[in-house]
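Dear colleague,

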Amino acid sequence: MKVTKENLSDIREDYEKAHRYIDEESKNDPPTEPFRSHYTARDLLNSALRKVKTLSEALDQESEVATTVRCIHANILKDIGKITIFVEEPRGEVLLKEALELIEKDSGKEPTINVHIEILNQLGIMACNLSNFAESKQYLDQAKDIYCETKELDRQPLTMADLFGTKEEVEKGKGLKLLESNHTLTLYYLAQVFGFLDNLAGSARYCHMTLRRQLEYNEFEHVDWALNAATLSQVYFPKNHLSQARHLLAASTFMLNRYETEVVEKITNPAERAEKEETLRYRMADVGRCWAKYGLHILCASKERLSADDEPNEHGEIAAPLTPVKKMDRFVGLDLAAYEGQVTDEFCLTFDDAKLVMLNSLSWLNKAKEYYTKETEASQYAKILQDIASLYKHLAFFEEDDGNQCKLFKRGADQLEEIVEILNATYYQTICREAWYELGLTYSNMLNVKLSQLDEMQAKDRPTPHALNKINHLSEKSIRNFKKFIESYKIELDTLELPETIDADEMQPILYAFFHIGRLYYRIITPDKRLKLQNTENSLFYYSRFVECCQDERMRPLFAQELGVCKEMISLLPLKEASAVMTSPKISADKTTDSNAATPKHQKQGQSNEASADPPADGAAGGGAAVQAVVAATVQSIRERGFYGCFSWLKVFRFANLMIKQGC
């Protein structure tokens with residue numbers, strides 16, 4: 001039997017009418033009947049399916065015409081399967097596999113190429129949605145192989161319209177265009193599958209290939225493309241692929257600006273234009289936050305790089321310094337020089353380098369705040385403030401002047417204070433916890449700066465009451481925020497007993513808060529003997545609870561250095577209590593803690609500070625030999641173990657002086 005236009009006209013009419021219902025009429029379906037048009041389309045396709053089956057039975061199954069009819073049959077089955085899946089009914093997979101089986105004997109023939117890839121794509125994405133990721137990858141790899149073979153052998157695939165017509169009516173180029181579009185979908189689905197398989201490198205590679213092909217074949221929607229490019233940048237910069245990340249962010253910004261000129265400005269309807277402008281503002285704010293994250297990473301990684309230990313490890317090896325990766329896969333046809341030139345793709349070495357990065361990120365975050373306001377998007381506004389605070393904190397690392405460094409910390413603290421002021425801690429508990437904890441650290445860092453200045457002042461003159469009050473004020477503010485953080489977990493400050501419901505991930509910051517509060521109480525300066533004794537008792541209490549909680553097997557490996565220091569202090573603080581009648585020892589800045597210790601200026605001073613201790617107080621020479629031996633052993637222990645954080649070994653000498661004065 002010969003297949004003519006007349007044979008296929010009824011089938012074609014049903015097929016095209018069904019797709020009009022899917023593509024156009026479905027947009028007007030009422031909320032009460034969301035799938036009405038799809039059900040109608042499925043009925044039409046089932047009608048066409050019956051007709052094509054009748055036609056196929058009258059053909060020689062080995063003929064070329066039979067191959068064409070089988071391809072039409074497979075296309076109709078595929079579309080019925082897609083509708084069945086869309087309306088959330090069973091048998092969708094069965095229909096797709098039936099269509100696949102129908103054309104497998106004709107695999108590689110030009111009429112089957114596109115429908116074969118489309119069926120494999122649908123089976124792949126369906127398997128992915130069912131979390132069968134390995135199976136999904138197999139289907140998609142098959143689709144990719146068919147595409148590669150088609151291109152290699154220069155075959156000419158056909159569209160469904162080509163199958164309904166004669167060879168003379170084949171629209172040249174349409175089949176190849178459909179092939180490229182189908183392959184782009186294959187790559188897009190592969191990107192999703194690789195992501196679920198925790199292969200982020202593979203996922204990123206396929207995402208980038210998809211974006212590049214969408215540009216090449218002009219198959220993109222401006223806003224979606226820009227968001228996908230910006231999201232992809234967040235995969236690259238944590239791995240220090242700075243050039244690639246910057247290129248993606250630049251392309252994202254370029255595409256949003258192109259959306260404004262090519263789409264928004266050409267809309268004449270005021271309501272529709274206002275809607276598009278709102279979308280543009282919304283997405284530009286999101287891309288701006290991605291730019292800020294990029295800048296934050298540069299500052300943070302630069303800080304780690306400059307702070308890296310140059311000493312050999314236990315194997316005698318020195319860790320390789322962090323370096324930005326310059327390898328790139330650029331988009332063709334986009335002029336991005338102006339966007340890429342706004343910020344570096346190198347790590348920072350000086351304050352001036354870091355300041356440029358910080359100001360660029362700050363400008364993006366300020367723009368984002370214009371959309372995410374505290375009245376409309378309180379949680380997102382708070383997260384922007386957190387990022388701004390982080391920018392100031394990281395920039396402070398590069399500042400060598402103590403006064404300017406303290407000002408940067410203060411600006412960061414102001415952002416965090418605004419968060420806890422505008423948010424209800426009951427409804428935004430997680431964000432408030434983060435803000436309280438970071439405020440505690442920030443005021444502690446400011447305290448370190450002030451103590452450093454106090455050391456320098458004491459070398460020349462007596463410290464002023466204002467300087468001492470400032471130190472106490474910062475200590476108290478830091479303690480207050482750490483306590484709010486602790487109380488948010490329903491922990492009673494009188495006992496510091498941890499509820500059994502607290503996870504291991506939550507315990508770590510809580511124990512750090514105990515640790516910090518213990519050292520902060522010790523740093524408060526007061527001539528009042530009663531307050532001095534109370535502060536010492538509080539310090540001992542928090543240190544003791546820290547050590548007790550670290551007996552948990554999950555926590556012990558995380559606090560190895562801090563635990564040793566706390567045990568030393570617990571053994572010494574009771575002696576401090578016994579000597580509370582004495583005057584306070586000279587308070588010294590801790591050069592080994594927080595960001596203040598890591599600035600270039602303090603790194604230079606480190607050796608001289610460690611090489612000399614304060615001279616003994618009057619009368620110290622007559623102290624007991626046993627006490628001096630204990631102190632010497634403690635100092636040696638600290639030297640060998642390395643001192644993490646909160647107490648310089650100079651303080652051990654001061655404890656010794658106190659004990660000797662008391663005749664211990």
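Predicted model: local features only at pLDDT ≥ 70, side-chain atom pairs only at ≥ 80, totals over all residues.

Residues are numbered from 1 along each chain as its sequence is written, and side-chain values use heavy atoms, with hydrogens and water left out.

A nonpolar core here is a set of buried Ala, Val, Leu, Ile, Met, Phe, Trp, Tyr and Cys residues joined through side-chain atoms within 4.5 Å, where buried means under 20% relative accessible area, exposed over 50%, and partly exposed in between (1.4 Å probe, protein chains only). The largest such core has 121 residues, and those touching the most other members are Trp225, Tyr294, Phe514 and Phe546.

Helices are DSSP runs (H or I, at least four residues), numbered from the N terminus. The axes of H12 (residues 270-307) and H14 (residues 351-371) come within 8 Å and cross at roughly 155°; axes are lines fitted to C-alpha atoms over the stretch in contact, and angles run from 0 to 180 degrees between N-to-C directions. Because angles over 145 degrees count as roughly antiparallel, H12 is roughly antiparallel to H14. The residues of the contact between H12 and H14 divide into 15 nonpolar (Ala, Val, Leu, Ile, Met, Phe, Trp, Tyr, Cys and Pro), 3 polar (the others, Gly among them) and 4 charged (Asp, Glu, Lys and Arg).

Asn240, in the loop between H10 (222-236) and H11 (242-262), has a positive phi of about 65° although it is not a glycine. Asn240 counts as buried, because its relative accessibility is 11%, and its contacts (heavy atoms within 4.5 Å) beyond four places in sequence include His297, Pro324 and Phe347.

Asp154, in the loop between H6 (133-152) and H7 (160-164), also has a positive phi, near 55°, but counts as exposed at 58% relative accessibility.

Best wishes

Terms used: Helix = DSSP H or I, 4+ residues; strand = E, 2+ residues; numbered from the N terminus. Parallel < 35°, antiparallel > 145°, perpendicular 65-115°, else oblique.
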